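Thanks for coming, everyone. I'd like to walk you through one structure today, so please have a look at it before I start talking.

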Amino acid sequence: MQLEPKDLYEKLEFDKVLDLLQEECYGELGAARAAKIVPETQRFQAERKLTETDEYRISLEEDKFPMTNYENTQQELKRLEIVDFVLPEEGLKKINTQLRLVKAIFKFFSPQRQRAYPTLFKVIKGVDFDEQLGEAIDKVIDEEGNIRPDASPALGGIRRAIGSKTQELERTFRKLITKYRNAGYLSDSVESIRNGRRVLTVPAEHKRKMRGIIHDESTTGRTAYIEPEEVIEINNDIFDLYTDEKKEIYRILKELSTTLRPYIDVMRDYQDLIVEFDVIQAKANLAQKMKAYKPILKAEPTLGIQMGKHPLLYLKNKAMGKEVVPFDLQLFGKNRMLVVSGPNAGGKSILMKSVGLMQLMVQSGMLVPADEISEFGMFERIFADIGDQQSIEDDLSTYSSRLKNAKTFLDHADEKTLLLIDEFGSGTDPKIGGAIAEAVLHELNRREAFGIITTHYSNLKVYAFKTPGIVNGSMLFSHEELSPTYQLKVGTPGSSFAFEIAEKTGFDKRLLSYARKRTGKNEKATDELLVDLQRDLQVTQDKLKDLEEREGKLQKLIKNYETLHKDLEYQRKKFKLTQREQELQLTAQNNKQIENLIREIREEANLEKAKKLAETVRKKREAKADQVKDLREEIYYRAPTAKEAAKGGIKVGDFVKMRTGGATGKVEAINKKKAMVQMGMMHLEVNLRDLQHANAPLEVNATKSVRTDTAQSMGEFVPKLDIRGMRLDEAVQTVETFVDKALVSGHGELRIIHGKGTGALRTAVRRKLREYRSVMNINHPKPEAGGDGVTLVELG
């Protein structure tokens, strides 16, 4: 990622966030890696890191991830590379601590947790843990880092002998103390240690009365420190045993070092794994302190922050018991740049820095203090012009430094650039500075760059008002209290309120009156006109949006009406067809009676009357038959719909059914206008025009198969659902599917994680759950287990 200027981290205070991150690390290696974090430019990399952090944050609430303090073993592993080098006990203790930690991490990822934290699990997926390494060290080193007494049979024997000799020394020494104390040969302190040996403290006048070795004398010469002759041999034996112990320990450590040497690369991988989890947990713990969440990450550049707060300001105010005013910054449609105006100390610069800092954090895989439905895009360049950058060494004035920055921006800015410019155009004559700033803004907008720009210049507010791609914004000011509210309003330019603020600070009214006269009416009129125009535009846009929504609803109603009308017309005609068919059938049933009547008439020799009667009956039957035929043509042989036309004509292999209804069959052959259709065990020859496309018939499995599939589905169901980051409609649909599966699988208790945010997801979840009669109870866990961010469901 290209960052300008070079001290951008300091300008946006990202360096302070990294400092806080380092403080959250358990080890120096994790802190060192955290200090070198750089923003990603590939969405999949940033998304992976964000998800890792978010899953770890969730684990802090629900599961205790086994991360703890660890030490740097780089030096130990480097020395271990030297052939025959023997690692000391302290070095082996460090390595053993790391192996124990890695073992705990691998143990943490049970099958259930692998499903709960899939992205975290991928961190260890490519690494195999060799338990033999830990076992080899555990046989020699205990948890405190000391050599075990049973590290080898020889060592065990030596230590038992030392214990035995030490007891013998104790018994003998006690006897000697009693003996010489009764003789009056000992001083008040009785005994001491000299040259690593236990000695008696004897006054100088008695030292010739005791046989043994004088190890030392006091500075005054009044006391001698004597090792009695009776314990010299015992002490010599103990000394020899300790020497043997050291040799045996050296041999054991050398053997263990030789065992570990082939696994140096593996142990480096383990250390790297620990460091990676250390950085992830540091991000998660910092996110908890900031009350930060994972936003929605888009591949294309986007600014859609909701309920955002400056991370460092939030921590500062939290410690002081103060609230931070959140901001919503959503640039819709083609709008990419926001020109923010308003009073001094009203929060313009904090807003701009908040956006830049949060963007750096998101692309670095860090959660941000904003609502979970906030949207951040990916930028490849972040440029900033903040503060006074004048330099005596580089012969740069304040305005010269601003022009230099503008030149850099113009050389590199494109549609994947985020610009953060404070007090745009300031530092020189307002008219000239404003004109140059407008020219730069025009070019940056032409290149489709994104940006947050703060200014007091009216010409830039006017330019933003009339230029597509740029929108005005203002930090609101309370006229009643004559103080800023720190609230952002997108779509309306703001005034500097310089006179009002000066009046509040106690400025002389006579001087303010003079200043107002010198300012003139034009400046004030321009600001007021711009605000009015912006307000009218906003009202118009709101009305237009409302009309578009109404038109959309109307179109849906019209479409629904047309569909219902077609269905009603179809049902009416079908009902009429049924009536006519019944009448035709009734006519056929009465044929016999009519024929008997005609026969009677013929018998009476009234042939003319019989002919007329037969003709009348024939015409009635033909009329009813024509009506039935017309209705059938209209209902069953209507013009195909767009969906039916898209499927094309009927082909061999298609599944079809009769237009008049019935079972589904498969086309085996087509001969001109007829088709051979297999329906079950029957083969029928049917006119093509009497057939229509149908879905493939369902295959009914045997009972045993159904039970097997159900059992598998029940085994795969996990009674926990995380819908954070989903849109409202998507979340509701997901919850519905989740509860349906729970009812099928027979689970009684469910856990739905939706986050706190604005409460919209929580309300939607509760509303959907109330639709189920099987839902017996809906509540939330304790705050430490998620509180209002989690919904617990009991099914009856």
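Predicted model: local features only at pLDDT ≥ 70, side-chain atom pairs only at ≥ 80, totals over all residues.

Residues are numbered from 1 along each chain as its sequence is written, and side-chain values use heavy atoms, with hydrogens and water left out.

The protein chain has 26 helices and 24 strands. Helices here are DSSP runs of H or I with at least four residues, strands are runs of E with at least two, and both are numbered from the N terminus. Of the 796 residues in the protein chain, 41% are buried. Buried means under 20% relative accessible area, exposed means over 50%, and partly exposed is in between, using a 1.4 Å probe and protein chains only.

Now the inside. The largest nonpolar core holds 54 residues, and Phe14, Leu329 and Ile452 have the most contacts inside it. By nonpolar core I mean a set of buried Ala, Val, Leu, Ile, Met, Phe, Trp, Tyr and Cys residues joined through side-chain atoms within 4.5 Å. Helix α14, residues 348-363, gives the most to this core, with 8 residues. There is also a second, separate core of 47 residues, which includes Leu77, Ile95, Phe108 and Val140.

What does Leu329 touch, leaving aside its neighbours within four places in sequence? Its contacts (heavy atoms within 4.5 Å) include Leu303, Leu338, Val355 and Ile452.

On to a helix pair. Helix α6 (residues 89-108) packs against helix α12 (residues 264-290) at an angle of about 65°, with the axes 10 Å apart. The axes are lines fitted to C-alpha atoms over the stretch in contact, and angles run from 0 to 180 degrees between N-to-C directions. On the α6 side, the contact residues include Ile95, Leu99 and Phe106, and on the α12 side they include Met267, Tyr270 and Phe277. By class, this contact has 11 nonpolar, 2 polar and no charged residues. Nonpolar covers Ala, Val, Leu, Ile, Met, Phe, Trp, Tyr, Cys and Pro; Asp, Glu, Lys and Arg are charged; the others, Gly among them, are polar.

Next, the strands. Two strands pair if DSSP finds at least two bridges between them. Strand β7 (residues 303-308) runs antiparallel to β8, joined by 3 bridges, and Gly308 is opposite Phe327 of β8.

Elsewhere, β18 (residues 674-679) and β19 (residues 682-687) are antiparallel and joined by 6 bridges, with Val677 partnered by Leu684. Their hairpin has 2 residues between the strands, and Gly680 there takes a positive phi near 70°.

Finally, the backbone details. The Glu4 to Pro5 peptide bond is cis, with omega near -5°, and Pro5 lies in the loop between β1 (2-4) and α1 (8-12). Lys291, in the loop between α12 and β6, has a positive phi near 55° without being a glycine. Is Lys291 buried, exposed or partly exposed? At 46% relative accessibility, Lys291 counts as partly exposed.
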